[in-house]
Amino acid sequence: MKYFFLLLLQSIALIVSAQPDTIPSGVFHWNELRVKKEKDRETRFIAKGITNEFSYFELHATTQQKGATPKPSHAQTDIEELIIVKEGMMKASVGDTTVVLGAGSVLLIPPKVMQALENIGDGPLTYYVLQFRAKKGLDLERNKMAGGALLLNADSLPFIKTEKGSTKKYFNRATATCENYEMHITQLEHKGPSHAAHQHVDTEIILVIDGDVGVTVDGKDYAGTNGDLFLIESGKLHGVSNISDKPCSYFAFKWR
């Protein structure tokens with residue numbers, strides 16, 4: 001009997017230890033990411049775990065070399081995906097729509113929608129992939145009412161002047177897994193904060209496009225440059241700044 005209870009305790013410990021961890025606030029540096037290299041592609045592993053809203057959250061970057069064979073068309077069962085083109089030219093087929101997208105372009109792909117991504121450029125195609133499963137489950141009807149899948153060409157979206165630089169709005173809407181998901185680019189022309197430190201219920205990611213960006217979360221300072229990402233947990237007091245004398249730009253996106 002004693003041996004049985006020992007085995008039971010060990011089994012419980014293994015189950016608990018196997019549970020995914022909450023991804024903490026912090027910075028992920030592009031040049032420090034673990035890289036898996038294959039014949040015609042590379043994968044950079046960034047983060048995997050849970051957030052306040054998601055029971056599953058994975059963030060990685062894929063590079064398809066010139067002429068790489070694309071993966072077969074497929075659909076996720078209960079996972080939504082956000083894809084951001086970092087460099088190169090992508091032929092994206094999502095549902096019944098096929099478009100060609102360059103750097104800065106974005107795909108928002110609901111579950112159960114077929115997708116295929118292909119490098120059609122003269123060099124590498126690199127893109128970030130965010131995959132997430134909601135703790136509250138799917139609401140495909142809500143996603144349909146909000147517009148379904150999104151395929152946003154960066155060149156078709158205007159920059160709007162602001163007091164400190166400019167902004168480019170991508171979307172601000174409900175999705176299949178989120179009550180609201182908002183995404184934009186901020187450009188800061190001069191050194192200093194984008195806005196006063198603040199907090200909100202949304203989890204947020206800052207993805208640096210160009211320049212040097214600083215993020216402060218609950219009094220702790222982080223710094224990043226091109227390709228680096230910051231994750232800011234739900235409810236944390238935070239601020240974003242240009243920390244050099246040159247302009248900077250970054251994606252900001254948050255969800256709840």
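**Salt bridges and core**

Guide: Start with Glu179: its relative accessibility is 43%, so Glu179 counts as partly exposed. Keep in mind that this is a predicted model.

Visitor: What does Glu179 form a salt bridge with?
Guide: Lys136. The closest N and O atoms of the two are 2.7 Å apart.

Visitor: Where do Lys136 and Glu179 lie?
Guide: Both are in loops. Lys136 lies between strand E10 (125-134) and helix H2 (140-146). Glu179 lies between strand E13 (165-173) and strand E14 (181-188). The pair therefore ties together parts that are 43 residues apart in sequence.

Visitor: Is Lys136 buried or exposed?
Guide: Exposed, at 74% relative accessibility.

Visitor: How many salt bridges does a search of the whole structure find?
Guide: Six. Another one joins Asp202 and Arg256, with the closest N and O atoms 3.1 Å apart. That pair links distant parts of the chain, 54 residues apart. Asp202 sits in the loop between strand E15 (192-193) and strand E16 (203-210). Arg256 is in the segment after strand E21 (248-255).

Visitor: And Asp202, buried or exposed?
Guide: Buried, because its relative accessible area is 4% and the cut-off for buried is under 20%. Arg256 is partly exposed, at 39%.

Visitor: What does Asp218 pair with?
Guide: Lys236, in a salt bridge with its closest N and O atoms 3.5 Å apart. Asp218 is in the loop between strand E17 (213-217) and strand E18 (220-224). Lys236 is in the loop between strand E19 (229-232) and strand E20 (238-242). The two are 18 residues apart. Asp218 counts as partly exposed at 46% relative accessibility. Lys236 also counts as partly exposed, at 26%.

Visitor: Switching topic. Which residues in the largest nonpolar core touch the most other members?
Guide: Phe57, Leu82, Tyr170, Phe171 and Phe253. The core has 34 residues.

Visitor: Which strand gives the most to this core?
Guide: Strand E4 (residues 54-64), with four residues.

Visitor: Why would such side chains sit together?
Guide: In soluble globular proteins, nonpolar side chains tend to be buried together.

Visitor: Back to Phe57. What does Phe57 touch?
Guide: Leaving out residues up to four places away in sequence, the contacts include Ile23, Ala47, Leu130, Phe132, Ile205, Leu231 and Trp255. Lys48, Gly49, Thr51 and Gln131 are also among them.

Key: Residues are numbered from 1 along each chain as its sequence is written. This is a predicted model: local features need pLDDT of at least 70, side-chain atom pairs count only at pLDDT 80 or more; totals for chains, interfaces and linings use all residues. Side-chain values use heavy atoms; hydrogens and water are left out. A nonpolar core is a set of buried Ala, Val, Leu, Ile, Met, Phe, Trp, Tyr and Cys residues joined through side-chain atoms within 4.5 Å. Buried means under 20% relative accessible area, exposed over 50%, partly exposed in between (1.4 Å probe, protein chains only). Contact means heavy atoms within 4.5 Å. A salt bridge is a side-chain nitrogen of Lys or Arg within 4 Å of a carboxyl oxygen of Asp or Glu.
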